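Colleague: I am new to this model. Please walk me through it, beginning with the terms.

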Amino acid sequence: MTTPAAALVGVTQQFGGFTAVDSIDLKIPRGRLTTLLGPSGCGKTTTLRMLAGYSAPTSGRILIDGEDATRTPPEKRNLGMVFQSYALFPHMTVADNVAYGPKMRGVPGAERRRRAGEALELVGLAHLGDRKPKQLSGGQQQRVALARAVAIRPRLLLLDEPLSNLDARLRVQMRAEIRRIQSETGLTVVLVTHDQDEALEMSDEMVLMRAGKIVQTGAPRDVFPTPADRFVAEFLGYENFLTLADGRQAAVRPEHLRVVPLDTPADGAVALDATVRDVAYRGVDLLVTLDATDPAGTAVRLLADHRTDAAAGPTPSAGDRVRLLAPEARLALLPALSEPELDPVTEGIS
Ligand SMILES: Nc1ncnc2c1ncn2[C@@H]1O[C@H](COP(=O)(O)OP(=O)(O)OP(=O)(O)O)[C@@H](O)[C@H]1O
Ligand SMILES: [Mg+2]
């Protein structure tokens, strides 16, 4: 196995008596894009800052290229970082902003202008090098911040919610852009996000965090269909939780619950009788809220997406008695509920 680009070994970060990062072990694979994903306050930024060297762990070790870097200051780690709130130097041109990192590292003038040009090319802003940051849109500024981090040719590019200040469309564009830059340059990237779609779309490797701990890691295609527990399932948009007849817990996504007439055969799916409580129009589909009884006999509130085209069958309306079908293959089985998993939504928000 090749040495990971970076690794955290038993890393803990405490602030006063509070444990923000709780003894985590993590390997950052080289040349891949790893996302740290989790709700606000779960320790993502703290983890990134320790990787960058801006704060030292209370205990544990940080390895970069296999070597102990726990006490190495940030400027000696050769990492590029884009912070949650990106800050460009307002008095410098875009090109000078991007050339700043190489300048601080003693790269001669001609070479650093070349590198700045190259980095700006990469983010599609080569034509705006002479402007000042305030003459750019928010999305352009964010891309300059990215170019600035790339220009130092970092061993590791650390991005802390780099897309958070962009509008929805630009954010989607920039996801693809970062992916492209990553694959074209072969950079090792660690990206922090609390957006599940962003993580699913961009990651080679996803690292799910909760309350300072890592709860699941893996490629999106592996994590998404098999969430490790209810917390991960909720975070990934599994809105519905059932207890099956044999006592196992299962999660199912609204798009996999079919709302059908009462007499429809179950055909191997888990079938529940339900009453439609509410129907909300959402354009391509209806969001149907239902009251049902799960196979274990517990009353559950469920959400189903119902497509508005003819193939989906009769349109449900409030008060209808219906059948809900959950195909076995679409059920994500979960370990039995343990106490701390009962209220995952409010947890980690301090
Ligand atoms: N310097 C500090 N002193 C005290 N507590 C801190 C400090 N920095 C972070 N924390 C606490 O540590 C926890 C983790 O913070 P962190 O910034 O890593 O969260 P995050 O996952 O990045 O959240 P967000 O998505 O909101 O940015 C939070 O409860 C936060 O209040
Ligand atoms: Mg943060």
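Modeller: Buried means under 20% relative accessible area, exposed over 50%, and partly exposed in between, with a 1.4 Å probe and protein chains only. The model is predicted: local features need pLDDT of at least 70, side-chain atom pairs count only at pLDDT 80 or more, and totals for chains, interfaces and linings use all residues. Residues are numbered from 1 along each chain as its sequence is written, chains are lettered from A and ligands numbered from 1 in the order written, and side-chain values use heavy atoms, without hydrogens and water.

Colleague: Is Asp267 buried or exposed?

Modeller: Asp267 sits in the loop between strands E13 (258-260) and E14 (270-281); helices (H or I, at least four residues) and strands (E, at least two) are DSSP runs, numbered from the N terminus. Its phi is positive, near 55 degrees. Most residues other than glycine have a negative phi. Because its relative accessibility is 75%, Asp267 counts as exposed.

Colleague: And Glu161, buried or exposed?

Modeller: Glu161 lies in the loop between strand E7 (156-160) and helix H5 (168-185). Here too phi is positive, about 45 degrees, in a residue that is not a glycine. Its relative accessibility is 7%, so Glu161 counts as buried.

Colleague: Which element gives the largest share of the lining of the largest pocket?

Modeller: A pocket is an open set of points on a 1 Å grid over the protein atoms alone, where a 1.4 Å probe fits, with protein on both sides within 12 Å along at least five of seven lines; lining residues have an atom within 4 Å of a point. The largest pocket has 20 of them, and the closest to its centre are Tyr54, Leu79, Met81, Arg105 and Ile152. Strand E6 (79-82), helix H2 (94-104) and helix H4 (138-151) each give two or more. The largest share, 4 residues, comes from E6.
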